[in-house]
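I opened my notebook to look up one chain, entry by entry. The structure goes in here before the notes.

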Amino acid sequence: MKRNNTWRWLFVIFIVLWSVYELTPIKDRPLIEQFEKMAVNKDDRFAEIVSAARAGVATGTGSAYSHLLDAAGDTILTNYFPNYQPEPDSNQNAYVLNRIQRKAAGKVRLGIDLKGGTSFRLAMDLDAIKAQQVGTNAPAGTNALVIDPVAAAYEREVALEQAVEVLRRRVDRLGVAEPLIQPVGENQIIVQLPGLSQAEMDSARSQIQRAAFLEFRLVHPNSEQLIAEDLIEPGYERMTEVNVIKGVRVFNDLLVSKRRASGTIDGKRVELTGKHLKQARVNRDPLTGQPEILFELNSEGADLFGQITSENVGERMAIILDGKLASAPNIREAILGGSGSISGGYTDKEAIELANVLENPLQAPLKVLSERRIDPTLGQATIDSGIRAAIYGLIFVIVFMGTYYLIGGMVANAAVMLNLLILMGVLCSIKAALTLPGIAGIVLTIGMAVDANVLIFERIREELRAGKSIRGSVSAGYDKAFSTIFDANITTLIASIILIMLGTGPIKGFGVTLTIGIMVSMFTALVFTRLIFDWLIDAGILRSLKMISLVRGTSFRFLRFAKPAFVLSWLLIIGGVGYGLFVRGSDVLNHEFKGGVEVLFSFNEEGRVDQDQISTAVRQAVGSEPTVQYQRELASGAETLAVKTALINDKSLDESALIDRTAQLVVESLKSNFAGASFEVIDTDKNGPSIGAEIQRSALVSVVLALFGILFYVAVRYEFSFAVGAVVATIHDVLMTLGIYFLSGHQMSAPMVAAVMTIIGFSINDTIVIFDRIREDLMLNVRGSFEDLMNTALNQTLSRTIITSGTTFLATLALYLFGGGGLNDFSFTFLAGIITGTYSSIYIACAIVLWWNKGQRPVIAAAGQAGVVLEEQPAGA
């Protein structure tokens, strides 16, 4: 029976056109060229602006944006760009250039490792941090307090750690993918963001610096009269409120108490401040239409707010943000719900930024010490080899599918290309930045997405062997493969959504990419390829579907070796993980996890050395993988080299001595290997981890909850023993991969974390495919014992297992062999994960199901059924 696919084709065409629109232009276009191209009414003054900007760029200092802004001076750029009309009180030239820069920007954003970006060096105001009084009062007759220096140091350390996590949350809200945020020294933080436009940089700088300290105070009852008489009572100060009336800003002075409003909690007086804030979001005032910030307090804050408003009905409450009066609403009645609003004449952009920083307040203000343009953290040779290796892997998958499945393989390859197009279109639409492991991950995701096509083709092959027509075989193949594909992808989708909801930084970014990849691969495999097959059959082009068959009619008794394999696996895990934890200790972590030392060098620019060569020299000297990055000051144009590495492993030295010794080894390695570069040390600092405690904690919580989600779903769709087997197999794969990783001498790094997350998805996908065939054979009441039935299911899926795991393994092997150091950790980890994931589906997951049920057939859920009991068949019947 022919299907009417008109609307499906129209939907596919729409998705393709939308993806192409989101992708183009792919690369950035030069800002000055775009400036010239878009301008109208050009005159001699316009030519002078362009000429001056080009001359400024040629000096190597500043950006094209800053030179255009300087060259324009007092000239009003809207004369040349009449379509761009900014608000009257804004910087008109900056507005015009921001719009042009947005037009010139390429849609494909690259991460710090591939393109570099902007680096902010921040300093925390330690004077604003007051350690709690510890110890005793000062000698009699004085008012000073004795502050315990240990407590003061602890307060500073906590404030710095809090600032790092707050900045990470703020940057995540900006939509910037995979930033680097790292404490340096006693009071400084490095924030590196991938390629920002000038407008984005200005917004980031504003949100990064802002402390967002929120206070609530009361306005003097006779404020208006006292202000009119120019009188200020003791304990009060004069502050200015800004309101917007019919688009015009109106300023109103008020007399505000210097003391914060407070209430009583458990018999103690507690001040109401921003620490009680639970949530902040932007809304529009229903009367004025102006943006305002709605806030919600936590339980303690709501209690305090209720007490304060109850005691001061009829008065005005001053809401103070960073020492400035934001608004002063009237207290008409007691507010017991713990919510309120802030209105201060904000623009939409200002309100959104304010809501962001209010939800993530700092304990102390930050000051930007320097801004630098930074080069990619990976050398050009590594970038080129990584991209080349990714292309090799993709070509291998395409050639194999076309060779093995012939016409079906060509259809699958078309789906792979569409998969890549849509995936990139979606990533561009959400402004995700691509990193090198991210690009490799996309290629590997596509390789794994081929699995859906393999499942469909193997089902079609079975139907053809049963004597069905080509149309009937294709229809039955898709129908029977749907359940497997659906369950395999839904289990992975559960994990990815939890990563998005609970993860931070790169963990959240990985979850977003994985979620998009899953949905796109299901669409291309189940919808697009089916449309192609229907068209080929309806047009009479496809009358038969030939495929090569390498694995056919096997009858291996896999589970005969389940017990020794199970025991051997966990012995290897204990040995590998134990070696990493108790023998290597902290040496298994690189500087991204445990911090280390950063050495800043000046150098002779004529003798500039490739980053890959420097990385090799430093790695040989200190025994750890470093991060090497060239940086250029935006103001002076001076270029420096930053080298970050973990401290050497020498237990005889204290931390200070380790920092000095590690820095010394780095300096000696550069000076001895690259004498022509004239490297000279500018500064040496201890730097903290870029993958901090918050990221590690969120990753662990996300993975644990994801496993519980998978446990629940598999228990509902299959049976509880299947759920236990799937989860234990996934845990086994992660631990086994870590054990192999530690035994091989590698160190934990950021790409390795992404690889472990990918392994979880691969492992559960492989297990569910086998479980689905076991469930089907149980429903068909296949004869034999439960062990015989499971062996039959394993043999039935053997061809798919070899093809999917094999193609993914070889594609990853290409990344490992040709991808260079930047992809080494990622590809090595995933290679180990592919092997363990394939192995565990048989000897961990299936073995647990068999033993859990004591060799008896379980009560198993079927699609659309609560469950059926299948009787045991005698062996050999």
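My entries below go from the whole chain to single residues.

**Ground rules.** I am working with a predicted model, in which local features need pLDDT of at least 70 and side-chain atom pairs count only at pLDDT 80 or more, while totals for chains, interfaces and linings use all residues. Residues are numbered from 1 along each chain as its sequence is written, and side-chain values use heavy atoms, with hydrogens and water left out.

**Whole chain.** I looked up the secondary structure and found 26 helices and 22 strands. These are DSSP runs, numbered from the N terminus: helices are H or I with at least four residues, strands are E with at least two. The chain has 877 residues, and 53% of them count as buried. Buried means under 20% relative accessible area, exposed means over 50%, and partly exposed lies in between (1.4 Å probe, protein chains only). I then looked at contacts, meaning heavy atoms within 4.5 Å. Of the contacts with a separation of 6 or more, 75% are between residues 24 or more positions apart.

**Aromatic rings.** I counted 29 aromatic pairs. Rings of Phe, Tyr and Trp (its six-membered ring) pair if their centres lie within 6.5 Å; planes under 30 degrees apart are stacked, over 60 edge-to-face, and the rest tilted. Why is the pair of Phe-457 and Phe-533 edge-to-face? Their ring centres are 6.0 Å apart and their planes stand at 85 degrees, so the pair gets that label. Phe-457 is in helix α14 (residues 436-465) and Phe-533 is in helix α16 (residues 505-538), 76 residues apart. Both Phe-457 and Phe-533 are buried. Ring pairs also join them into a cluster with Phe-396, Phe-400, Tyr-404, Tyr-405 and Tyr-478.

**Nonpolar cores.** A nonpolar core is a set of buried Ala, Val, Leu, Ile, Met, Phe, Trp, Tyr and Cys residues joined through side-chain atoms within 4.5 Å. The largest one has 69 residues, and those that touch the most other members are Met-401, Tyr-405, Ile-456, Phe-457, Ile-460 and Phe-533. Helix α16 gives the largest share of this core, 15 residues. I noted a second, separate core of 36 residues, with Ile-774, Leu-789, Ala-845 and Cys-846 among them.

**Asp-772.** Is Asp-772 buried or exposed? It is buried, with a relative accessible area of 4%. Asp-772 is in helix α23 (residues 750-779). Its side chain makes a polar contact with the side chain of Arg-775, at 2.6 Å. A polar contact is a pair of N or O atoms within 3.5 Å; within protein, one must be able to donate a hydrogen and the other to accept it, and residues adjacent in sequence count only if both atoms are side-chain atoms. Leaving out residues up to four places away in sequence, Asp-772 touches Ser-483, Thr-484, Asp-487 and Tyr-718. The charged end of Arg-775 sits over the ring of Tyr-718, 4.2 Å from its centre. For this, CZ of Arg or NZ of Lys must be within 6 Å of the ring centre and within 35 degrees of the ring normal.

I found a cis peptide bond between Thr-24 and Pro-25, with omega about -5 degrees. Asn-781 is not a glycine, but has a positive phi of about 60 degrees. Asn-781 is partly exposed at 32% relative accessible area.
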